Amino acid sequence: MSKIHVSTSVNGEPVEFLCDASASMLDALRGPLGLTGTKEGCGTGDCGACSITVDGRLVCSCLMLAVEAEGHEIATIEGMAQGETLHPLQRKFLEMAALQCGICTPGVLISARALLEKNPDPTEEEVRFGLAGNLCRCTGYDKIVRAVLETAAEMRETVR
Amino acid sequence: MNDMTNKWIGQRTIRPDGADKVTGRAQYSADFAMPGMIHAKMLRSPHAHARIRGIDTSKAEALPGVKAVVTAKDVVDFPLDKSVMLGIQDMRWMCRNVMAREKALFHGHPVAAVAAINEEVAAAACALIEVDYEVLPHVIEIEDAIKPDAPILHEWNKFEGKPSNIAGTMVLKTGDVEKGFAEADVVIERTFTSRPVHQGYIEPHACTVSYAADGRVTIWSSSQGQFMVRAMTSLLTGVPQSNIRAIPAEIGGGFGAKTIVYLEPIAVLLSKKSGRPVKMVMTRDEVQRATGPAPGSLSTVKIGARKDGTIVAAQGTFYLQAGALPGSPLRGPVGCSFAAYAIPNVLSVGYDVVSNRSKVAAYRAPGAPLGAFATECVLDEIAEKLGLDPLEMRLKNSAKAGDKAIYGPVFGEVTFKETVESILHHPHYKAPLDKNPSPGVKRGRGVASGFWYNAGGESSVQVNITEDGNVVVTTGHPDVGGSRASIANVVAELLGIDHSRVSVLIGDTMTIGFSNLTGGSRVTFASAMVATASTEKVIGQLKERAGKIWGIDAEAIKWEDGMALPAGDNAGKFPPLSLKELAAKANEMGGPIGTQVQLNTTGADPGFATHCVDVEVDVDLGIVRVLRYTAAQDVGRALHPGYVEGQIQGGVVQGIGWALSEEYLYDKNGRVDNASFLDYRMPVCSDVPMIDPVVIEIPNPKHPQGVRGVGEAPIVPPLAAIANAVHDALGKRFYALPMSPPRVSERLEQP
C-alpha cells in the first residue's frame, strides 16, 4: 500500500511527512520526523510517556493516527524550551530533582504544561489527578507534584 | 572530607544530564538508529510448557524482505551438567532464557527471531515459522509446583533424590530454635503469600547492534551495566569481549531487572547473519510477559518472645518463585528477615521453586521485602499480644555493633535504632488518628522496619583536566537515578572549584575500565570512593606541577579552593596557581593531567529503614488508600539530598503498589492475563500522598564521604507497614498480598 502524504505543523514549524495509514502519530514523530523526545512506554495509552498536544489539547500520540495530524498544530517536548531558555516547568524539575531516570519526563512536562494552561492555580489534588495519566516508576511522584505546584506559583507571580 | 562546611557535597545541584532529559534530547535505548539498519522481532511460545520437537524456518526465510532468522541452535549452548557463573547468573539458565532450547518453559518464551527490512515483515515472517510443539502440563503457583505429582519443568533437577521443581535451597542457622521456642512466653507462627510483581520501568528493553565485516560488534542499549552486556553477549555468541563495544544509552528505569540481557545476543547473531545493523525493541506486552518480574512467595515465620518483648527464637521458611529457570533471590528473605535483630536462635531456610512463568530478575533489595512482609507482621502481632509498642519492641531487640550477623560477618556500626527512634519521636507517630472518621470508613496506623546488605565491588573512574582548566569525569556505571550529580558534587568539592566546571559522563566498555553493575545500592558508594581516589591523584599531579614551576617540593604545597598554594616555610612566597593556570602550562611541565583509578571497593555498611504509614479503608468497596507516609533511613551521607530523597520516595511507592494493587494474573492455560499497564496496576499520581523521607546521616567510617547506599532499603518495610496499618484499621490481619479491593472485600466478609 502506498504511503500517505501529511502536511502539519510541529512546534510552530510547517512539516510534511509520508506514513502508512496505520502509523501512529508517535511512529511519525519518532520515525520520519526524527523527534525521539516523545517516548513509547506502552503503546496503549496507559503510561503517558508519549504525551503531546494537538491544537493545545493533551493526547497520547500512540493513540492518534499520524494522518490525523493533517492541518493541525502539534506540540512536543522538543518545542518546550525557547532556545537556551527552559520553560519554567523544565527549570523547576531540574532544581527540585523531579526526575530520576527521565524516561517519563517529556510526557510529564507536556501534561503539566497542559494542566497549568487550563488551571494556573491548581491544588495538590488537582495536580495529582491532572498527572494521573503519566506513569513514573522512579520518583513516587512527590517531587513532580511539588515542582508543578511551585512552578504554578512562580508563573502566577510573573503574570502579576 | 565530610562536614557541614562542604560547599558542594550535600547540595541540591543541577544534575549534569538534566538539560538533555527535560528537553527530550537524552538518548535512550530505542532512540538510536544506524544507517542501513533493519528491524527484528521475536517469535514467542504460545504455550506455558511444551517440548520443542523441531523448528522449520524455511518459509520465513523465503519471505521477501527477511534478512536473517535465528533459533537456539545459533546461541552458544551451556550444557546442563556444568555451571558457568557470571556474577550471580548461571549461563546455563541465561542461554535458555534468551532462546528456548529443549523446551518452551513459559508463555512468551522466545523460540526464534527474525530480522527484516521493517517490523511488519519481521512479524509476518515470525508467523511463518513452524514450531513442532509437544504441549506438556504446566504449573504456575508455588503450592502446585511443590506437590509430589506436579508437572516437572526440568527432569534432570533432583531434590531429595527425586525429580522436583525445587531447584535450590539456602539455610542460615544460629543457636537452637527448638530450645529457644521452649523458653518463650509467646510464640506466633503465620503463613504469608505474595504474588510476583514487575519492576515496571517505563522504558521497554531495546537495543541496536552492528556486527561489522571485521567481526567487531557495537551494541547500543540501556542496561544496569554495559560490562554485563558485553560479558553475557560474549558468552552467548562466542564473540570475544575485546571485539564488543557496549555503549550505555540513557536508561529509562531498571530497578534490578536490567542486570541481565534479553535481546542483545540475539541481535548480534541476527546482525552477523544479515550483515546489517539490527534494531530490536520490545513491546510493553513482551516486557510484562517475558522479563522480570520479582518472585512471588510462600513464607512461614515463627517468632518466640519473652513477656518483656525479648525475642528468643525465630524461624523462617521462604519458598520463592524462580520462574522457568532456577535462580530466585533466596539471599534476600533468608539473610535479611532477621538481620536487624539480636536473636540467639534463628533458623532461616529458603527454597528456589521453578514453575512455568517468566524467569525472575532482580528487583530492588531482591527478595528482602518478601521476608520482611512475613517477619515484620509477626513482630507486630507479638507486640500486640504482649501489649508493647511495636517500635519499643524493635528497639529492645536491635542488633548491636559486634554482634555476629546471621549471614556471616560481625556487624561494625549498627544504625537500626536511630531509624526506629526517629519514627518513634516523629510528629507522624504521635499525631492523633481518627479511626472512624465516617460511616464505612476506617483508619489505621502501622510501622515496620527493613534491612539491606548494601554492596561495594568493582568501579573505575577517570578524572581528566581539560586544556582550559576544567574537569571531565568518566565513570563506568549507568546512572539510573542521579549518580552523575553525586559524583559531580564530590569532585567539585575535592578540587575546590565551581560545580559547573565538572562534567560527568558514562564511558563505554572500550573507554573506561571494568565497572560492575548499577545495583544493590552500590554505585554511589563505590563510584564516589573511586572518584575520590582518582581526584586525589590528580590533585597530587597538580601539586607536583606547581612545585616544578616554583622549584619547591610537592609536599610543601597545599591544594585549596581550586589553587595550589605554597605551604609551611614557603607560605606566601609565591602567588597561588589556579587549576586554569596549571592546565595552561600542562604540556611544558610534563604532559596532560589526568588519571584512572580502578578498585574493588569494600566497606559498604548495611542499610536500615523504619517506616510509618496511615491508611484509610473503604469498607464497602475494599479500597485501601495511603493517607500519610514517613520513611526514616540511615544513608550515611547524602551527597545530593534531592536524589537520596527521591530513592526513598520512589522505593516506598513501589512498595505501596506491591502491597495494594500489583500482581500477575494467569489464565487456566498458564498465560499472563494482564500484560499491560492498564491491567497491571502500578500506583499513579492520584493514588498516593506525599512521601516524607527522614534522611538520617550517620557517616559510614569506611567511606571517604560517609556514604552507605540508599536505593534498596526503602522498598523493604512498606509491605508489612501497610498490612499492619490495615490491621489497625479493621482489626483483621492480612496474610496475602496484594490487599486489592476484591481481596479486602473477601476478607471483610469472612468472620
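Student: Which residue of S8(B) is the bridge partner of B:Arg51?

Tutor: This is a predicted model, in which local features need pLDDT of at least 70, side-chain atom pairs count only at pLDDT 80 or more, and totals for chains, interfaces and linings use all residues. Residues are numbered from 1 along each chain as its sequence is written, while chains are lettered from A and ligands numbered from 1 in the order in which they are written. Strands (E, at least two residues) and helices (H or I, at least four) are DSSP runs numbered from the N terminus. Within S8(B), B:Arg51 has as its bridge partner B:Glu134.

Student: How many bridges join S2(B) to S8(B)?

Tutor: Strand S2 (residues 50–56) of chain B and S8(B) run antiparallel. Two strands pair if DSSP finds at least two bridges between them. For S2(B) and S8(B), the number of bridges is six.

Student: Which helix supplies the largest share of the side of chain B that touches chain A?

Tutor: With contact defined as C-beta atoms, placed from the backbone, within 7 Å, 43 residues of chain B are in contact with 45 residues of chain A. Helices H1 (18–23) and H18 (641–660) of chain B each supply at least two residues of that side. The largest share, eight residues, comes from H18(B).

Student: How are H12(B) and H13(B) oriented relative to each other?

Tutor: Helix H12 (residues 390–397) and helix H13 (residues 416–424) of chain B have axes 10 Å apart and pack at an angle of about 160 degrees, with axes fitted to C-alpha atoms over the stretch in contact and angles running from 0 to 180 degrees between N-to-C directions. Angles over 145 degrees count as roughly antiparallel, and those under 35 as roughly parallel. The orientation of H12(B) to H13(B) is therefore roughly antiparallel.

Student: How are H15(B) and H16(B) oriented relative to each other?

Tutor: The axes of helix H15 (residues 483–495) and helix H16 (residues 523–550) of chain B come within 9 Å and cross at roughly 30 degrees. The orientation of H15(B) to H16(B) is therefore roughly parallel.

Methods:
Two residues are in contact if their C-beta atoms, placed from the backbone, lie within 7 Å. Angles under 35 degrees count as roughly parallel, over 145 as roughly antiparallel, 65 to 115 as roughly perpendicular and the rest as oblique.
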